[in-house]
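User: I'd like to learn how to read a few local features in a structure. Can you walk me through some?

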Amino acid sequence: MTHSTKSPLASSTRSSLTCGELLVQWLEYYGVETVFGIPGVHTVELYRGLPNTNIRHITPRHEQGAGFMADGYYRASGKIGVCFIITGPGMTNIMTAMAQALADSIPMLIVSSVNKVKDTGSGEGHLHELHDQQGMVSKVALTSKTIWRPESLPKVIAEAFALFNGARPGPVHIQLPIDIITADASHVERPPRSNTSADHVSLPQIMRPLPNPAQLDLIIESFKTAKNPVLLYGGGCVDVDQDAQKLAELIDAPTFLTINAKGLLPPRHPLSLGSNQSLAAGRAVITEADWVLAIGTELGETDYDVFFNGGFHINGKLIRIDCDAAQLQRPFRADIAVLGDAQLAISGLCARLEGQVFDHQAVSRVNDAKQDLIKDITPDFAGQNALLQLIRDEIEDVIFVGDSTQPVYSGNLGFEALATRRWFNSSTGFGTLGYGLPAAIGAMIGSKVPVVSLIGDGGIQFTIAELICAAELELPLIVLLWNNQGYGEIRRYMEEGGLPLIGVNIKTPNFEPLAAGFGSGYRRITEKQQLLDALKTDTKGKQPIIYEIDESDAFLMEMGKDFGCFT
C-alpha cells in the first residue's frame, strides 16, 4: 500500500525502450509463454511491454499461488513458468513455493523488483524494504542476481536459461531496482525480431554434461559380474524416451520408479515394481541386490523412506548417474559415479548392451515381490487407489496434481501412471500444504488436458482463494476434496504416539456455498456411478468443480474390493 496517488515509477519523460520492456522481449525470445504475477506499485512497469509480446499473463490471488502455478505448469508441460513478484512481501510469500521447487528440481524464473539503487539495503524504512532481499531469496534458489544496470540484462537472463538447460534444474531469481526497470535500455542488445523456429536456432545450445564414454564402459564391465541387479529411476528421467524400458529389459533387472518418475514404464510391465521401494517387500529386492543402478534420483527420504523408519539400505555395488555432481555422493556413496544427462547415459548403455542376453530371473523376483506387496494391502489403501484408477481410466490423458493428503500418500505407492508428467505432488521433497490447487491450475494452463487436483479439507484452506482464478480462466478443473475433518494424517500420528489431539480437529468449511461464492461447481460424491456420470460432463465444462468425498464413505470400500495392483 502507498498513500501516493502517483506511481513511484512514474516519470514525466519516458525512454523509447525501458529495461522492463526489454526484459519481456528477451523472455519471449527464450520461449516464455506464460507469466504468473500480481501487479504492484513496484512492478507495474514490467507490464508495459507485455501487450507487444505473445506472453500470456495469469493473475493468482497470492504470490505463493503464483509459484505453485509455475511449478505445476512446468511439471505438466516441460515449459518454464515465470513469475513477476513485488519487492518485500511478494518475495517472502513466494519463498515456500520456491523451496518446494528447489527440493524437487523444478525450474522456474522469479523476476522481482527491489528498492531503488540508492535505497537498496539502506534500512531507512522504504516501502516493501527488506534488510537483504537477495541474500534471503538466494537460500531457496539456484542463484539470485540483481540487474544494477540495463546493459547486464541480456547476460543475466541468458545465465538463467543456461542453468535451466545445462544443470540440475531449480528456481532462479532475478531482481531489478525500481529505477532500473524504468531506465533507458534503447542502447542495449535486443533479441532477434522474428520468433520463427528457424530464428530460435541462434539460441545458445546449452546441454547437460555428456556422460564420459569410459565411465559407461566401466559400468558395463561391473555389470557383467552382477547376479542380482536392480534399477532405480528418478524424476531426472522424466523425459527419457523408450530407452528407459529398453535398458531395464537388456539388464533384466527389477525396476523401481520414484514418485516423479511414475509412467516411465507401463503399469503392467513385468519388470516394474512401481514406487514401492519404501515397503518391506520392495526394500528386500533392493537390499538383496548385488548391483544397483540409480539414474536421475537423489535417493531421498520422501521416495525411499516415506514411513521415516530408517529402513532403506543399499548393500550391493552402487552405480549412480546424475546431472548434479554434488548429488552423486549423497546420501549414499557411489562406487561408480557418472556425471551426465540421463537420456544420453541410458541410450549409451543400451547401445553397449545391444545383442547381449542376460538372465537374472528378474521377472520371477518381481512376481514374488508383488505377491508379498499384495498381502499387505489394507481396505483403505485399496479403496483410495481404486478411486484414482477409475478416474485415470475414465478421463483420457488426465493429470493428477496432489497436495499432502491421504489419497496422495496411497497413490504414491499404489497408483500407476500411464505416462510421465501425469502424477506429481508436494508430499515429495519440501512437503508443503496448499500446493495441490494452484499447481493443478498451472498444470492445466500448461498442458491443456484434463487435470484433477487431489487435496484435503485442511490443505485447501491454505490456498483456496486460487479457486476463483480457475473460475476466472474458465478451467474445468476437478478438485477432488478429501474430507477427514481436519488434519487427518497428523491426527493419526498424534493418536499413535499417545499425544493430545491439539490443533488437528479444525473446523471444516461448508464447501458447497463456498464453492458457489468462488464461481465453482460442487458435488458431494457418494457413489461410484455418480462419479462416472459426473466426470463425463464436468471435464467438458467451463468452470472448476469441487468433488467432496468423505474418507469414511462406504462406496470407497466397495470399489477397493476390485482393486488390482500394478494395473
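Analyst: Let's take a few loop residues one by one. Keep in mind that this is a predicted model.

User: Which residues is T539 in contact with, leaving aside its neighbours within four places in sequence?

Analyst: For contacts, look for heavy atoms within 4.5 Å. By that reading, T539 touches I395, P476 and I478. There's a polar pairing to look at too: a polar atom of the T539 side chain sits 2.9 Å from the backbone oxygen of L535.

User: Now backbone angles. Which residues have a positive phi although they are not glycine?

Analyst: Look at S105, with a phi of about 60°, and at D397, with about 65°. S105 belongs to the loop between helix 3 (89-103) and strand 4 (108-114), while D397 is in the loop between helix 13 (379-394) and strand 12 (399-402).

User: And how does accessibility read for those two?

Analyst: Partly exposed covers the range between the buried and exposed cut-offs, under 20% and over 50%. S105 is at 18%, so it is buried. D397 is at 42%, so it counts as partly exposed.

User: Last one: what kind of peptide bond joins R330 and P331?

Analyst: Check omega, which is about -10° here: the bond is cis. P331 is placed in the loop between strand 10 (317-322) and strand 11 (336-339).

Methods. Residues numbered from 1 in each chain as written. Predicted model: local features only at pLDDT ≥ 70, side-chain atom pairs only at ≥ 80, totals over all residues. Heavy atoms only, no water. Polar contact = N/O pair within 3.5 Å; in protein donor to acceptor, adjacent residues only side chain to side chain. Helix = DSSP H or I, 4+ residues; strand = E, 2+ residues; numbered from the N terminus. Buried < 20%, exposed > 50% of the residue type's maximum accessible area, 1.4 Å probe, protein only.
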